[in-house]
Amino acid sequence: MDFDFSEDQIMIKDAARKFLEKECPKDMVRKLKEDKLGYDPLMWQKMADLGWMGLILPEEYGGTGLAYMDLVVLMEEMGRNLLPAPFFPTVALCALPILEYGSAEQKEKILSEIANGEKVYTLALTEGSATYEASGIELCVYLEGDDYLLSGTKLFVPYAHAADYLLVVGRTSQKGNPEEGVTVFIVDAKSPGIDTEVIPTAAHDRQCEVRFDRVKVPRENVLGEVNKGWDIVEFILQRGAVLKCAEMLGGTEAVLEMTNNYAKERIQFDKPIGSFQAIQHKLAQMLIEVEGLRYLTYEAAWHINAGIPSKLLISMAKTKANEVYQRTCLDGVKIHGAVGFTEELDLSLYFIRTKSSEFSLGDGGFHRERIACELEQLQPLFIGNCL
Amino acid sequence: MDFKFGEKEEQLRREIREFAKEELPPGWLAAMLEEENSDEDWGFAMTMSGKLAEKGWLTMSWPVEYGGKGASLWEQLAYSEEAAYWGIPGVGMGIGGVDWVGPSLMMFGSEELKKKHLPLIASGKPDGVWCTAYSEPNAGSDFANIRTSAIREKDEYIINGQKIWTSAAHRARWCWLAVRTDLNAPKKHQGISVIIVDMKSKGVTVRPLINYAGYHIFNEVFFDDVRVPSTNLVGKENNGWYQLMHSLGFERGSVAGRGCGYNRRILDELVQYAKENHLFREKEIRHKLADMAVLIETQRILACETIWKMSKGSNPVYEPSRDKVFNDQIAERLAIIGTGLLGMYSQMDPLQRKSKWTKLKGCVEALYWLFPGIAIAAGTDEVEMNIIGQFGLKLPKSY
């Protein structure tokens with residue numbers, strides 16, 4: 001066992017923190033919240049120049065060829081600084097599955113464009129049912145000549161308004177289980193018949209409704225195999241969930257830090273409020289939870305990195321992240337008192353993102369169900385082995 | 001980073017599982033904290049201590065010269081986890097022999113004390129069994145408030161006073177005793193020392209305290225002009241507070257590995273019970289069990305982080321308190337969820353674990369009735385939270 005960061009990881013962490021503190025201070029985060037695009041293309045290009053988009057893409061596609069764990073470290077810093085950018089959808093939700101399932105031509109073209117910052121990608125997965133169950137995929141797909149025609153509506157698609165391409169999950173067969181008969185398409189966002197509308201979320205984090213009206217997609221734009229798309233979705237759910245955990249972890253670390261600092265500075269009854277046990281014990285509990293989330297996230301990530309992804313650990317990490325992010329923000333707000341209720345406090349920027357993080361790639365109920373399935377299948381050690 | 005135990009630890013786990021299979025009665029499922037309660041259980045625990053000693057596991061992390069194997073902290077953690085999972089009794093040599101008396105003696109004890117007591121503990125025999133006497137009627141969380149005195153007279157100390165909540169005092173041969181050696185010290189933390197007392201000494205009286213569920217775990221211990229050789233002083237006179245903070249650190253640090261092994265066992269039992277009794281299909285129940293699985297995995301990985309820091313040579317200050325309070329919180333939830341799952345059957349007297357109505361050998365009831373004791377021992381949750389606040393978050397002292 002070893003909990004140490006590698007030298008690469010320490011470098012990534014330091015460089016990311018420096019860059020984000022300089023290029024993306026909180027007034028920038030606030031400004032982008034009201035911006036039409038929701039992110040800064042100049043900053044995006046600088047991120048690409050730093051090698052972030054291609055961090056774990058192979059060098060042949062213009063990437064740096066680092067490992068999944070290194071991306072986790074970077075995401076944690078982005079979460080800590082609340083970077084508003086389509087990084088998560090482009091890299092976590094699209095580049096990773098394309099690297100895994102894409103054809104040689106697809107990888108060649110797409111991954112290079114992602115690595116150099118030229119193109120923004122996103123995943124159009126959830127629909128009106130607003131779940132991550134396969135049964136929720138209803139977007140109709142017909143084959144007409146050499147093209148597929150896509151019709152339906154996708155909901156809560158991050159940064160679709162700014163995306164150049166969409167990975168669209170559609171239903172290509174009604175036979176068998178809902179998991180069978182799902183296909184993933186790479187769709188040009190400028191295709192005729194696509195209509196995008198930004199959903200007014202509390203976090204202003206640019207989630208969209210995307211309507212598809214007989215959108216033509218050429219055959220060669222299928223990612224992976226026809227009707228086998230749910231494997232890709234499962235891959236995205238697992239890889240993406242842990243990266244989301246890392247982002248949320250960074251957020252909880254920042255919230256705990258600013259709340260702890262406030263508790264040391266804020267004087268009431270002639271003492272810092274952090275000297276009162278009612279406050280101090282709340283902070284101590286926050287520390288326990290944040291540290292627990294940190295190592296649970298790293299543990300799940302390490303298993304992915306080592307090529308032995310554990311569905312159990314991944315769902316444990318996301319369940320924990322959902323709980324801890326919300327709890328830490330809520331207690332952080334409360335410890336700040338009335339100022340915690342204001343827009344002016346940086347903490348509010350973290351708090352306002354609780355729900356979008358929670359429901360990104362599975363809420364507690366979804367992941368508890370997955371954990372329960374794993375527990376049900378596990379044979380306990382004390383049966384068979386001993387006694 | 002690397003989140004896998006090494007082959008050495010995995011091999012040790014396999015050996016312990018094999019040992020458990022051979023040495024424990026069929027269907028064995030020990031309930032925590034209760035081995036000192038009945039003569040029968042205690043007798044069995046002592047037999048197991050002897051066997052663990054023969055295997056070299058009882059004090060495996062101690063140096064060879066003191067009866068250990070020089071095992072790594074990781075092996076020690078794997079052993080604690082497995083022993084607790086399988087419910088192997090007799091791992092502690094009373095209250096603290098293995099976990100903090102030994103390590104504290106190695107840190108502060110004279111050569112003479114080390115040579116005498118460490119092999120005794122490592123032997124797994126009744127003469128190596130300890131109790132630990134810190135609390136007094138007016139010194140609970142405010143531990144430094146102790147009054148029991150040890151007054152030096154030539155080459156002896158004369159001890160007078162009363163200790164309370166002294167677990168296993170009725171089983172122990174030796175007492176790890178916190179006393180006041182300077183009655184006029186300007187501050188109460190000064191003037192405290194640690195002295196070893198033979199429980200067979202004249203003037204030592206042990207009076208049972210029975211817990212609300214009928215367990216005889218702890219006691220009152222009275223010291224009435226008890227004469228102890230001055231060489232029984234551990235470390236320096238009046239340096240006791242400093243030494244005791246280390247001992248308490250060892251004590252808190254011993255909770256995590258054992259706790260996650262034991263909690264994991266109870267969870268596995270509950271999942272199995274739920275599956276066999278058609279309860280697992282109920283969403284509320286399976287989600288509660290899923291939550292417990294998340295908590296216990298978190299506990300395990302935090303325990304590993306503490307060990308990792310120690311293995312790198314740093315001295316974790318708040319982490320043992322973090323791990324201890326987290327274990328208390330998990331034990332409480334597990335006990336409440338577990339009794340809920342057993343429903344009416346959870347009303348059974350935990351001491352009647354062979355009763356035909358008792359489920360899972362009474363381990364869930366035992367956890368329910370004993371977790372408040374686990375939570376209070378070695379420092380209440382509130383005391384642990386103070387330590388986390390002060391040392392983990394650098395907040396001002398709050399008490």
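Two residues are in contact when heavy atoms lie within 4.5 Å of each other, and helices (H or I, at least four residues) and strands (E, at least two) are DSSP runs numbered from the N terminus. This is a predicted model, in which local features need pLDDT of at least 70 and side-chain atom pairs count only at pLDDT 80 or more, while totals for chains, interfaces and linings use all residues. Residues are numbered from 1 along each chain as its sequence is written, chains are lettered from A and ligands numbered from 1 in the order in which they are written, and side-chain values use heavy atoms, with hydrogens and water left out.

**Helix 12 of chain A**

The buried residues (under 20% relative accessible area with a 1.4 Å probe, protein chains only) of helix 12 of chain A include F366(A), H367(A), R368(A) and L375(A). The cover over the buried residues of this helix includes helix 7 (229-265) and helix 9 (311-336) of chain A, together with helix 6 and helix 7 of chain B.

**The interface**

The contact between the chains draws 59 residues from chain B and 52 residues from chain A. Buried area, which is the accessible area (1.4 Å probe) that two parts lose on being put together, summed over both, comes to about 5200 Å² for chain B and chain A, with 67% of it on carbon and sulfur atoms. On the side of chain B, M1(B), F3(B) and L393(B) lose the most area to chain A, together 17% of what that side buries.

Between the chains there are 5 salt bridges, a salt bridge being a side-chain nitrogen of Lys or Arg within 4 Å of a carboxyl oxygen of Asp or Glu. K312(B) forms a salt bridge with D4(A), with the closest N and O atoms 2.6 Å apart.

**N219(B)**

N219(B) belongs to strand 7 (residues 216-229) of chain B and is buried, its relative accessible area being 0%. Its side chain takes part in the polar contacts tabulated below, where a polar contact is a pair of N or O atoms within 3.5 Å; within protein, one must be able to donate a hydrogen and the other to accept it, and residues adjacent in sequence count only if both atoms are side-chain atoms.

| Side-chain pair | Distance |
|---|---|
| N219(B) and H170(B) | 3.1 Å |
| N219(B) and H216(B) | 2.6 Å |

Leaving aside residues up to four places away in sequence, N219(B) touches several others, among them K163(B), W165(B), H170(B), R207(B) and L209(B).

Conventions:
Buried < 20%, exposed > 50% of the residue type's maximum accessible area, 1.4 Å probe, protein only.
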